[in-house]
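Here is a short briefing for a first look at this chain. Please have the structure open while you read.

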Amino acid sequence: MIPLDEALAATLRKLGLAEPAVMLQITGEWDQVAGEPWASRAVPLYLRSGVLVVETLDRGGAAFLRYGVTDLERRLTDRYGRETIGSVEVRAPSSRPMRAVP
């Protein structure tokens, strides 16, 4: 039998997702590492195959933040290394309504 933590880590690697500890570190340090305007206008969602996906808090913020993505990528690679974060993808918040859970 495989321990649960090893099975989870293997599954995440197969999906191309970063180790959970790396994403927790990015999320915990987001305000300091990302700086403004990123800290107040976007949140990191996930890291997959070296691409950090961040979601803006409003639809208009996505276009604004895309202009500064190069500076954010530099700060993130300085902190975590290019092998961890090679690029950043900026997404507008989903327009799909949230589904109520019964």
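Helices (H or I, at least four residues) and strands (E, at least two) are DSSP runs, numbered from the N terminus.

The model is predicted: local features need pLDDT of at least 70, side-chain atom pairs count only at pLDDT 80 or more, and totals for chains, interfaces and linings use all residues. Residues are numbered from 1 along each chain as its sequence is written, and side-chain values use heavy atoms, leaving out hydrogens and water.

- The chain has a mean pLDDT of 84, and 84% of its residues reach 70 or more.
- Where pLDDT is low, the predicted coordinates should not be read in detail.

**The sheet**

- An open sheet is formed by 3 strands in the order E1-E2-E3, with mixed pairing.
- Its edge strands are E1 (42-48) and E3, and each pairs on one side only.
- Neighbouring strands of the sheet are turned by 25° against each other on average, direction ignored.
- Two strands pair if DSSP finds at least two bridges between them.
- E1 and E2 pair in the antiparallel sense over 6 bridges. In E2, Glu55 is the bridge partner of Val43.
- Strand E2 (residues 51-56) and E3 pair in the parallel sense over 5 bridges. In E3, Val90 is the bridge partner of Val54.

**Helices on the sheet**

- Helix H2 (residues 20-34) packs on the sheet and touches E1 and E2; its direction makes about 165° with that of E1.
- Helix H5 (residues 69-80) also packs on the sheet, touching E2 and E3; its direction makes about 135° with that of E3.
- Axes behind these angles are lines fitted to C-alpha atoms, for helices over the stretch in contact, and angles run from 0 to 180 degrees between N-to-C directions.
- Contact means heavy atoms within 4.5 Å.

**The nonpolar core**

- A nonpolar core is a set of buried Ala, Val, Leu, Ile, Met, Phe, Trp, Tyr and Cys residues joined through side-chain atoms within 4.5 Å.
- Buried means under 20% relative accessible area, exposed over 50%, and partly exposed in between (1.4 Å probe, protein chains only).
- The largest such core has 19 residues; Ile26, Trp30, Trp38, Leu52, Leu76, Ile85 and Val88 touch the most other members.
- H2, E1, E2, helix H4 (59-66), H5 and E3 each supply at least two of its residues. H2 gives the most, with 5.
- Not counting residues up to four places away in sequence, Trp30 touches residues including Trp38, Val43, Leu52, Val54 and Leu76.

**Helix H4**

- Gly61, Ala62 and Leu65 are the buried residues of H4.
- Seen down the axis of H4, these residues fall within an arc of 110°, so they line one face of the helix. The arc is that of the directions from the helix axis to the C-beta atoms.
- The buried residues of H4 pack against H3, E1, E2, H5 and E3.
- On the other side of H4, Arg59 and Gly60 are exposed.

**Two backbone details**

- The peptide bond from Glu36 to Pro37 is cis, with omega near 5°. Pro37 lies in the loop between H2 and helix H3 (38-41).
- E1 and E2 form a hairpin with 2 residues between them. Ser49 in this loop has phi near 50°, a positive value in a residue other than glycine.
- Ser49 counts as exposed, at 62% relative accessibility.

Notes:
pLDDT = per-residue confidence, 0-100.
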